[in-house]
Amino acid sequence: MQTAVFFAIAAIAVASALGLIVRRNPIHGALFLVVNLGSVAAIYLMLNAQFLAAAQVIIYAGAIMVLFVFAIMVLIPGKEETGPDPLRPFRLVAIPFGAFLLVEILLMLVVRPAPPREPPGAEGGAEAIGRLLFTDYLFPFELTSVLLLAALVGVLALAKRKA
Amino acid sequence: MDFPAVSLRAILPAIVILTTAALVLLLDLLPPRERKGHLAVVSLAGVVAALLATTWLWGGESRAFRGMVVLDGYALFLDLVICYAAGLVVLLSMDYLRERGLESGEYYALVLLATVGMMLMASAGDLIVVFLSLELMSLSLYVLAGYFRARLASGEAAMKYFLLGAFATSFFLYGIALVYGSTGTTNLDRIAASASRDSLMMVGVALLLVGFGFKISAVPFHMWAPDVYVGAPTSVTALIATGSKAAAFAALIRVLVTSLRSTQPDWTVLLWGLAAATMTVGNVVAIAQSNLKRMLAYSSVAHVGYMLIGLVAGGVFGTGAVLFYLLVYTFTTAGAFGVVLLLEHAGGEGVSLADYAGRARRHPILALVLSLFLLSLIGIPPFGGFVGKFYLFGAAVRSGYIGLAVIGALNTAVASYYYLRLIVYMYMREPEGVEAVSTPSFAGGLALAVALVGIVVLGVVPTPFIDLAQAAVTPLLR
Amino acid sequence: MSTSVWLIPAFPLAGALVNAIFGRAIGRRAHWVAVPATAAAFVAACVTFSGVVRGATYTGQLYPWIVAGALKAGVSVQVDQLAAVMLLVVTGVGFLIHVYSIGYMQSDPGYARFFSYLNLFVFSMTMLVLASNYLLLYVFWEAVGLCSYLLIGFWYQRPAAAQAGKKAFIVNRVGDFGFGLGVIWLWTVAGTLQYAEVFARAGTLGRATATGIALLLFMGACGKSAQLPLHTWLPDAMEGPTPVSALIHAATMVTAGVYMVARSHALFERSGVALEVVAWVGGVTAIFAATIALVQTDIKRVLAYSTISQLGYMFAAVGVGAYTAGIFHLVTHAFFKALLFLGAGSIIHALGGEQDLRKMGGLAPRMVPTAVTMTIGAAGLAGVPGFAGFFSKDEILAAIYDGGSLGLWSLLLLGAFLTSVYAFRLLFLAFYCAPRMSPEAAHHVHESPTVMTVPLMVLAALTVVTGFAIGIPSGEGTLFAQFLAPVFPPHEVEHGGFGAYALLLLSVIVVAAGFLLAWLLYATRPVAPEDLGRPRTPIHALLFNAYYVDRMYDAVIVRPLFALSVLLARGFDAGVLDGAVNAVGRAVVAWAQGLRRVQTGYVVNYALTMLLGVVALVGFLLSR
């Protein structure tokens, strides 16, 4: 069962990554990336790394992707940049899909599956990760902050109007 | 909670540089805001302080942060190399940036942050730290490569460097994951203890080599080097060619020699091929180049090939030879790029071979100095390049890799052609066109003088440095 | 004695530095630094020599240079009989040529620079001779090469000079590639590079190993001493000032190869095969270059090919184990060939830079000292009985005959005939037949100043007396051989007896025949200048173009390498040949069209190459 689920998720991850590369429309690409990040988060969950999964969803799929989309919107405005969408009629598919999703959620509420057999493993939780970050991995953790500083300075240097 | 002891002593040189970087960023906000010369002086002072810290720590040996950081002779030796590279680059940058009106605190801060990354690469005791410090260095260099935003080639260089660097990083990261999968740890010592040789490990080693191969620009992962070297500001090119290469070699050697010892027979064969391909492609392609920075880029690719010979040879002798060569190479290459930088026009022109025709007439001293650096690159005594090559090829022959030594020696004969061509252009051609004569500033002159003294000292009294290099690698090989 | 040894290189080094640093201020007075420096070196060499004559040898170390584990190589010197002889030749001939240069380079703008280089050369050459280990030998081997390169390209305004300098350097690098490998190999098998220790252990080396090392070392000697197939740089090196040709490309530097082989005789003997190779390469080169010298029209190129040929004789001698004969020829050759070059320089000086034999002739009455001394030099080269070259060449021929190698012997005998022909051809064409220059050039002909003719006379005197003084064979060999006996094992040559006299007679006949032929061809009737340079037969054309070796190298090595470079550059890296234009264009496109363009453009190709590498690396390691 687990294996089957894993392969399903992995297939989604790979397919969305492919979609990201193949699609010429940047917004489509960004959306594929969201799917990809989400499926990776699911894999984290399967590995009992709840904290990582949550962080993945909140930070990458949430915050960073929103930033990406904004950036794309600001930098590439107008229709002629994205080109006419040949798949416009397919947008109608969104209605049945939305409906389907609604049904699914309702089903989930109705069926109430059994609780997970195992309680969340201690090693994947926030506390465990926090412990590791401040003990064994203190140095890489701090180093990451330096890395972020460098990124910050770099962005400043590149973004300044006049050097 | 059981916090690890925070022993900043083990990373003191890096901490000094990091503090300086922060200081530079702060000072940047204070007046005088028009002139930034003092920031370079502060950066330089930081580098010198780091050098002093390195010498103060000399002989120490410890591990800190739960084995994440290793302080040993090896790390300290490379700290020296990296500090020299960073110091020379800061000196060379001062007037180069001012003449182009591009001085800024960010530039020096990024140079210093890149230096921190390089130093930590040399003292990393864990693949995670190797990765993070490599990224710290790379990220800073990506930005620095595109620092001349007004110049299209500079932006292109940054973009290419970044894209291909990200490509290589993904392989590197995957390699770390596979090694972790095979051994269950990312700690270098514990990887060594597991002595794993399964297929996961093999692919992991290959991917790690890809990542390092990119950073040291070994064939076929060298493609970025010429474009980036040409497009980046020349001062940054000097840093990429010297410091980043030294750091990547530092991490590569430590990872290969300590943790991947179990697979030595496998990667030795691989490196044999890489070394032969790298030096041959580098030298042969350099012949066709008409742009000086491009030619030096291929030349630096070729020199990576020579250094890989030492890794193939292995042992205290071979590995020590690589370290010694790195030291020589850093001085020589930084010096050569320094002269190119001082002779470059404000718009980035003046780096083609034709521009160097008759340069000796107008800049007799700079031309002479560049000739000496080129002679060291060829490997003519009494410069350091000769001793370094002798030592590398000697190590190869000693370990029985006579074929590789022959290829290397043959390559030096080929290489003498294009280095010599530059000397001939400078001394034996009539100058073309008119050109304003600018005299190199004090800072630039000082940088060249330090580099020149370096290659002469390393060539005339190499023994103490060879001893240092051998002493530095001895603990790795235990 | 230790002081005098170190002073020999110290004086010229100091002279070179003074002229290099203060050259601008010193200007025309540069010779007041350089000439005394060389003279002092010569005096120090004489003192050292007298010490050696009394039986004292010296070894000493300045400081340990490279000490890396088992590898130890110091800046250390040794003086034995061989080194003492070489030192005398280098500093003595060097001194004379320095004096000569005062006149010859008189009006050159690079006066101080010239003397600085010349001093630097004397320093490097004396250190090369003094070195007591292979590493130091290699270092100064490269250093003399560098000086040679600087001096060939001295008149860098001439493109040909710059080209010749570069060629000399690169061809020598090819030889040095072998030499360097030989040194490294030697160190790995013998564990030391110190001469004394290496030779002591030579017997323990495997025969194949010894052969390999010896041949690699000989490869370096081929480059430095312009032997086949690395001889092509020496004729081109004649672009340098004539005193340079005399000092570096005739008397001293080019003989370093002979010195090195003689010095390493223990290694070469251990191999055996290597010695044979040396002998045959020398023999073939001797006759090969002599044939080319027959038809050259540039006076300096005739002498250059003659030098290659004479060096061949030295190698042939060394190759059959007649080390003393080889070194003796080295010494006499240094005298008469320097004399010939300086004489040629005097002619060139007199004719305002003309080097073409076709535009000379009839110079003897106008330049008596030059004509007389050059006649002596040519007689020495041809091996006319009584002159130095006769004794040394005869020694070589006798040794080879005794060695039983009849093929080599007949080759060199034929070479002696050719030598006689081209030596006298040069003499007749320059001095003793009707003038062929333009009337105004003829009008300006004048004898060179005393400062140039005196060195000619000294060298002429040496050419006359050296043979008689130290080259007369006796029961125990020549005086010269007795002096060198501690360095070289005695080589049994039977002097006296019917065979020896027959050989002597034969070589006299050969020389006379050569003289007669040259006389018939060039002195009995007026020579039309247009007949000289125009090849009439295919063989003449072949010789005139020096067997087309240069063109062959160009076609077989230089062009393919270039093609490969361009090919690789094109394949691997799109922006080479017209790189600047492309780079700008590409960048504009890249920025105008945004990131995507870069991604679909060249970067993808780069990434694909990397991917190729990844697949290869992973595949390789996975397969193990």
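1. B:F221 counts as buried because 30 C-beta neighbours lie inside 10 Å. In this note a residue is buried if 20 or more other C-beta atoms lie within 10 Å of its own, exposed if 12 or fewer, and partly exposed in between, with C-beta atoms placed from the backbone. B:F221 is found in the loop between α8 (199–216) and α9 (224–231) of chain B. Helices (H or I, at least four residues) and strands (E, at least two) are DSSP runs, numbered from the N terminus. Residues up to four places away in sequence aside, B:F221 touches B:A168, B:V210, B:G213 and B:F214 as well as C:M610 and C:G613. Two residues are in contact if their C-beta atoms, placed from the backbone, lie within 7 Å. Between B:F221 and B:A168 there are 53 residues along the chain, and their C-alpha atoms are separated by 8.7 Å.

2. On the basis of the model: it is predicted, local features need pLDDT of at least 70, side-chain atom pairs count only at pLDDT 80 or more, and totals for chains, interfaces and linings use all residues. Residues are numbered from 1 along each chain as its sequence is written, while chains are lettered from A and ligands numbered from 1 in the order in which they are written.

3. Chain B has a mean pLDDT of 87, and 96% of its residues reach 70 or more; pLDDT is the predictor's confidence in each residue, from 0 to 100. Within chain B, confidence is highest in helix α5 (residues 127–145), at 94, and lowest in helix α14 (residues 359–362), at a mean of 76.

4. The contact between chains B and C draws on 63 residues of chain B and 59 residues of chain C. On the chain C side, β1 (58–68), α6 (134–152), α7 (159–190), α26 (549–572), α27 (579–593), α28 (595–600) and α29 (602–622) each supply at least two residues. The residues of chain C that touch chain B comprise 44 nonpolar, nine polar and six charged. Here Ala, Val, Leu, Ile, Met, Phe, Trp, Tyr, Cys and Pro count as nonpolar, Asp, Glu, Lys and Arg as charged, and the others, Gly among them, as polar.

5. Helix α7(C), one of those contributors, has 32 residues and reaches 45 Å from its first C-alpha to its last, close to the 46 Å expected at 1.5 Å a residue. The expected span is 1.5 Å times one less than the number of residues in the helix. A kink of about 30 degrees is centred on C:G175, the bend at a residue being the angle between axes fitted to the seven residues ending there and the seven starting there. Of the 32 residues in α7(C), 27 are buried, and the helix is mostly covered. C:G191 follows α7(C) and has a positive phi, near 75 degrees.

6. Helix α13 (residues 315–343) of chain B has 29 residues and reaches 42 Å between its first and last C-alpha atoms, close to the 42 Å expected. Because 27 of its 29 residues are buried, α13(B) is largely enclosed by the rest of the structure.

7. The largest nonpolar core holds 473 residues, of which B:A251 and C:A338 touch the most other members. Such a core is a set of buried Ala, Val, Leu, Ile, Met, Phe, Trp, Tyr and Cys residues joined through C-beta atoms within 7 Å. Helix α3 (residues 73–99) of chain B provides the largest share of this core, 20 residues. A second, separate core of eight residues includes A:L33, A:V40, A:A41 and A:A42.

8. Chain A has seven helices and zero strands, and 13% of its 163 residues are buried. The contact between chains A and B involves 19 residues of chain A and 31 residues of chain B. Helix α7(A) gives the most to the chain A side, with 14 residues. That side divides into 14 nonpolar, three polar and two charged residues.

9. Chain C contains 29 helices and two strands, and 59% of its 624 residues count as buried. Among its contacts between residues at least 6 apart in sequence, 81% join residues at least 24 apart.
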